[in-house]
Amino acid sequence: MKTLNLMKYLPRILMFFSVLGLTSLFFFPMWRITLGAPQYPEGVTMYIHIDKIGGSTPSTLQNINILNHYVGMKYIEPESIPELVYFPYIVYGLIGLALLCILINDRRLYLAWGVTMVILAIAGIYDFYLWEYDYGHDLSPTAPIKVPGASFQPPVIGTKLILNFVAESYPHIAGYFTGIGILFSFLAWKIKLKIDNNEKAFLS
């Protein structure tokens with residue numbers, strides 16, 4: 001009987017962990033880009049948060065902008081990136097919707113929330129790709145270093161050789177937590193579906 005009672009509340013518990021996964025976006029970076037080169041043996045790492053861009057040291061962003069300047073890339077200025085302003089509000093809305101799902105406890109809402117999260121995640125990664133493409137291809141014609149036909153766009157996910165730099169781009173803490181939260185929402189839907197089907201079979 002205790003096991004049955006636990007199963008009844010399990011979908012809500014899983015959705016609560018989905019909320020925690022999203023909440024992590026306000027406390028940890030969701031993505032990291034690391035540039036490694038002989039002159040930077042420990043690498044230069046830039047962390048992308050939901051509302052800011054920083055680095056492993058206070059001067060990281062400045063150092064990256066200096067490197068970018070030599071090849072004609074634009075300066076990375078977090079205050080000029082609109083996504084860093086409105087993305088947090090989207091996350092607040094998604095957290096509110098997840099809490100509403102927990103309150104109503106309807107399997108269709110769990111599924112709808114999970115599908116919405118997948119769509120938004122894909123849209124966010126595509127937006128990140130466009131942002132990287134613009135920075136890597138829109139080069140100043142007066143750059144001190146010119147490499148004909150070269151682009152300096154880092155990979156969205158993975159590793160890429162850019163001149164003498166090795167660029168690595170991967171999700172970070174909050175990115176992984178958010179992904180796990182999405183999986184939990186689908187698991188909540190599946191378990192709630194099983195519970196509903198068992199209740200229907202019991203009543204019939």
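What follows is a set of questions and answers on this predicted model.

Q: What makes up the chain, and in which order do its elements run?
A: The chain has five helices and five strands. From the N terminus on, the order is α-β-β-β-α-α-α-β-β-α.

Q: What share of the contacts between residues at least 6 apart in sequence join residues at least 24 apart?
A: That share is 65%.

Q: What makes a group of residues here a nonpolar core, and which have the most contacts inside the largest one?
A: The members must be buried nonpolar residues joined through side-chain atoms within 4.5 Å. The largest such set has 24 residues, and M46, I53, I76, F128 and W131 have the most contacts inside it. Two or more residues each come from β1 (31-37), β2 (40-48), α2 (60-70), α4 (107-137) and β5 (165-171). With four residues, β1 gives the most. Another core, of 20 residues, lies apart from it and includes L22, C101, I102 and A174.

Q: Which residues is M46 in contact with, leaving aside neighbours within four places in sequence?
A: M46 is in contact with W31, R32, I33, I53, G54, G55, T60, L61, I64, I76 and W131.

Q: How do you know that the span of α4 agrees with its number of residues?
A: At 1.5 Å a residue, the 31 residues of α4 should span 45 Å, and the end C-alpha atoms are 45 Å apart, so the two values agree. The buried residues of this helix are Y110, W113, G114, M117, F128, W131, E132, Y135 and G136.

Q: Why is the pair R32 and E168 called a salt bridge?
A: The cut-off is 4 Å between a side-chain nitrogen of Lys or Arg and a carboxyl oxygen of Asp or Glu. R32 and E168 meet at 4.0 Å, N to O, and so they count. R32 lies in strand β1 and E168 in strand β5, so the pair ties together parts that are 136 residues apart in sequence. E168 is partly exposed, at 28% relative accessible area.

Q: How many salt bridges does the structure hold?
A: It holds two. One of them joins the side chains of R108 and D106 at 2.8 Å, N to O. At the start of α4, a side-chain oxygen of D106 also reaches to within 2.8 Å of the backbone nitrogen of R108.

Q: Is E83 buried or exposed, and what does it touch?
A: E83 has 14% relative accessibility, which is under 20%, so it counts as buried. E83 is placed in helix α3 (residues 83-104). Not counting residues up to four places away in sequence, E83 touches I50, P88 and D127.

Conventions
Residues are numbered from 1 along each chain as its sequence is written. This is a predicted model: local features need pLDDT of at least 70, side-chain atom pairs count only at pLDDT 80 or more; totals for chains, interfaces and linings use all residues. Side-chain values use heavy atoms; hydrogens and water are left out. Buried means under 20% relative accessible area, exposed over 50%, partly exposed in between (1.4 Å probe, protein chains only). Contact means heavy atoms within 4.5 Å. The expected span of a helix is 1.5 Å times one less than its number of residues. A polar contact is a pair of N or O atoms within 3.5 Å; within protein, one must be able to donate a hydrogen and the other to accept it, and residues adjacent in sequence count only if both atoms are side-chain atoms.
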